[in-house]
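Subject: Structure handover

Hi,

Here is the structure I promised to pass on to you. Please open it alongside this note, and my findings follow below.

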Amino acid sequence: MFDKILIANRGEIAVRVIKTCRRMGIKTVVVYSDADAGSLACEMADETVHIGPSPAAQSYLIQDRIVDAVKQTGAQAVHPGFGFLSENAGFARRLKAEGIAFIGPNPEAIDAMGDKITSKKFAAEAGVSTVPGHMGLIETPDEAVKIAREIGYPVMIKASAGGGGKGIRVAHSDDDMAEGFAAVKAEALNAFGDDRVFLEKFIVDPRHIEIQVLGDKHGNVIHLFERECSIQRRNQKVIEEAPSPLLDEATRAAMGAQAVALAKAVNYDSAGTVEFVAGQDKSFFFLEMNTRLQVEHPVTELITGVDLVEQMIRSAWGEQLAIKQDDLSINGWAIESRIYAEDPYRGFLPSIGRLVRYEQPEEGDQGDYTVRNDSGVREGDEISMFYDPMIAKLCAWGETRDDAVRGMARALEDTHLAGLGHNVPFLAAVMDQERFQSGELATSYIKDEFPDGFHGLAPTPEQVKILIASAVAMNEVIAEQDGDPSERTDWTVLIDKTAYEVEVGYDEAEDLIVAIDGEDVSLSEIEWRPGLSLFKAVLDDDAFTAEVKRAADGFDIRHRAARARVRVLRPDVAHLYALLPEKQAADTSKLVLSPMPGLVVDIPVTPGQEVKSGETVAIIEAMKMQNILKAERDGKVKAVKAKAGDPVAADDVLVEFE
C-alpha cells in the first residue's frame, strides 16, 4: 500500500481524506494557498507545501506546483478530492508520465465521461437514454438563441467542464438565452479555465437521482445504490439523501444496472457517479457522469458501511474490489445538509467573514439517530471569498426516513454559528415542512416552497411554548444571579408583538412549570447560563436546543426556522410596548447596494447616463459566482461609487440615481 499520499485539495474534503489515510496508516501531504495557511487540513496533515496565492487559478489549478510538491515530499500518489483538478484528464496523464499514481479513474474514462458533451454522445452511442439537446459546441449568443428555439424553451445552458452547480443557467426566452449564454461562458472560464457551453432541454418538475459506482483495474464494477439530490438552489445541491424516496426496487435495479454498464463500457476503475434526471413517474434519463468523488458521498457510506475514499485508494494501488454486488444492501436512511456561509434572509448571497463561534453537534450515536459532521473549518477560521462557501456537511442516519429527518432537525438545532450569515435556519425549515417529510421532491422544490425568498417561518404552537418557556427560564436565571429574584408569578410575554399571559412556578422536582394562557408546560434539564448562545432543555418530554442572545429589553431566540424578539414583562409594561410606534426603514430607493461582500467585475454605467428598468448597472463576484444587478426603474445616474476590481462589503453603495 502507498506510504504517503498528497491531497491536491482543501477544506472539508482534504480533512475527509486525511481521516481515512490515518486509519489506513498512510502519511499525508496537504498543499495550501495563502488563504489556507493554518487551516484545519494543514494542521492535521503530516506535511504541508505552500503552492501560491489565494486564487485557485494561481495555486490549486497549477499542475506544475502540485507535481513539484509530490516530488519534494516523496509522495507516491495524489488524491484530487472534488473540483479543481479532479476531472482533468491532462493532469491524470501528467501524473502517470511522472510515475505518480492518480487516485481516481484512468484518463481515458475521464475523457469519455468527464466532458459533458462527449459523455452525452458516448451514452447515446451506448444506447443509454439521454435528455434532448444540442451536444455540439456553441460559439455565439445568436447561435445559442437559434438552437434554443429548435429545442424549445425552457432550455438549460451548461458549461461543458462544469461541476458543483457552477456554469448553469435556465433560459425561458431569447433574452434569457442571450444574457445567460454570456454569463455561463464567463463563469465557466473563471471556474474551470474552459468556456465551452452546450444546451439541453430543461425537464419540468424533474428529480435529480444519482447512482454511486465503484470499479477496479481488473474490470469489476459495482453500484452502491442511489442518492436523491433534488433539493437544489441555483443548481447547487443543498440537501441529499440515500436512498431515494421515489424509487422502488425495480427502478433502483434498472438504474444501477445502467450505471454499471456505462462504467464498464469506459473501463471505469475508481469511485464515480452516474447522474440521472428522473420524472415523477420513475422514468429516467442519463444526465452526466462525474468521474470523481462526490460532495454528498457520506450518505452512501452511512447506508452501506463502505468507506469510498478507502476503496479509491485501494483501486489506485491495484487491488481488486473486495466487495461484490450481492454483498451490499441498504441499511437505514441518511440525510446530508450542506451548511454554507450564505445569508438565506438576503437571497442566499455569499457571506464572507470570520467564524466567531462554531459549536457543532456531538457526533456518533444519539439514541434515535446518528450524527456525522464533515467540516474543514474551526471556530476562529476565516471563510474566504476565493472558494466555495462550504462550512460543513452535516449528516444524520436513522433506521427510517422519518428517524433521519427528525435526527437532522435536532442536529441542526445543536449547530451554532456566529460571525457571518449561514443557512442553518433554512435547512431546519425544510426538515419541518410536510412536503419534504412526505418525500414529494423536485429540483424546483426551493423555488416552489419559497417563491418570495426565505424570511424564516412563523412559530408553530409547539415552538411558541419553546420560545416562552426559554425566555421565562432565562429571565429567572438572570434574576437569581443578579441577586434580585422576583416574587412575581404572573408575566406577560411578548413574542414580537403578540402577547401571552403566563404564570410561573416550580413543582416538587424543582422543574419550571409555565402556564401559558392557562395551559401548563414543564421545563426540565435546563442547560444555560448568561453568555451561552445555546439554550438546552426538555419541554415536557421532548429535548430541544434554541439559539439565544440577550437584547436590551429581552431575548432574541431562534428555534429552527422560527426567530423572534421575546420579552418577559410586567403586564402594565407590556401594555406600553403595544403603544410604541413602528421604526421606519431608511429610504434606499435611489441607491444600488452591493447585496454581498465580493469584487466588482463591472459597472457599465456612468454619471449622467439614462438607464431603463431591467438594464444591468453592476456585476459583483464572490465565491466563483457572478451576481448581476439591474435597475428596478427608469432613472438617471447621479454617481458611481465603485469601479471594476474594487472589493465591496454587503450594502456598500455602488450606484446612486438622481
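Let me start with Tyr345, which has 22% relative accessibility and therefore counts as partly exposed. Phe454, at 1%, counts as buried. (Buried is under 20% relative accessible area, exposed is over 50%, and partly exposed is in between, using a 1.4 Å probe and protein chains only.)

Before going on, two notes on the numbers. This is a predicted model, in which local features need pLDDT of at least 70 and side-chain atom pairs count only at pLDDT 80 or more, while totals for chains, interfaces and linings use all residues. Residues are numbered from 1 along each chain as its sequence is written, and side-chain values use heavy atoms, leaving out hydrogens and water.

**Aromatic pairs**

There are 13 aromatic pairs. (Rings of Phe, Tyr and Trp, the last by its six-membered ring, pair if their centres lie within 6.5 Å; planes under 30 degrees apart are stacked, over 60 edge-to-face, and the rest tilted.) In one of them, the ring centres of Tyr60 and Tyr387 are 5.8 Å apart with planes at 80 degrees, so this pair is edge-to-face. Tyr60 sits in the loop between strand E3 (47-52) and helix H3 (63-73), and Tyr387 in the loop between strand E22 (382-383) and strand E23 (390-398), so the pair ties together parts 327 residues apart in sequence. (Helices, H or I with at least four residues, and strands, E with at least two, are DSSP runs numbered from the N terminus.) Tyr60 and Tyr387 are both buried.

Tyr345 and Phe454 also pair, in a tilted arrangement: 5.3 Å centre to centre and 40 degrees between the planes. One aromatic cluster is formed by Tyr345, Phe348, Phe426, Phe450 and Phe454.

**Helix H7**

Which residues of helix H7 (residues 141-151) are buried? They are Ala144, Val145, Ile147 and Ala148. An α-helix has 3.6 residues a turn, so residues three or four places apart point the same way. Just after H7, Gly152 has a positive phi of about 100 degrees.

**Second largest pocket**

The lining of this pocket divides into 13 nonpolar, seven polar and 13 charged residues. (Ala, Val, Leu, Ile, Met, Phe, Trp, Tyr, Cys and Pro count as nonpolar, Asp, Glu, Lys and Arg as charged, and the others, Gly among them, as polar.) H12 gives the most to the lining, with six residues.

Best wishes
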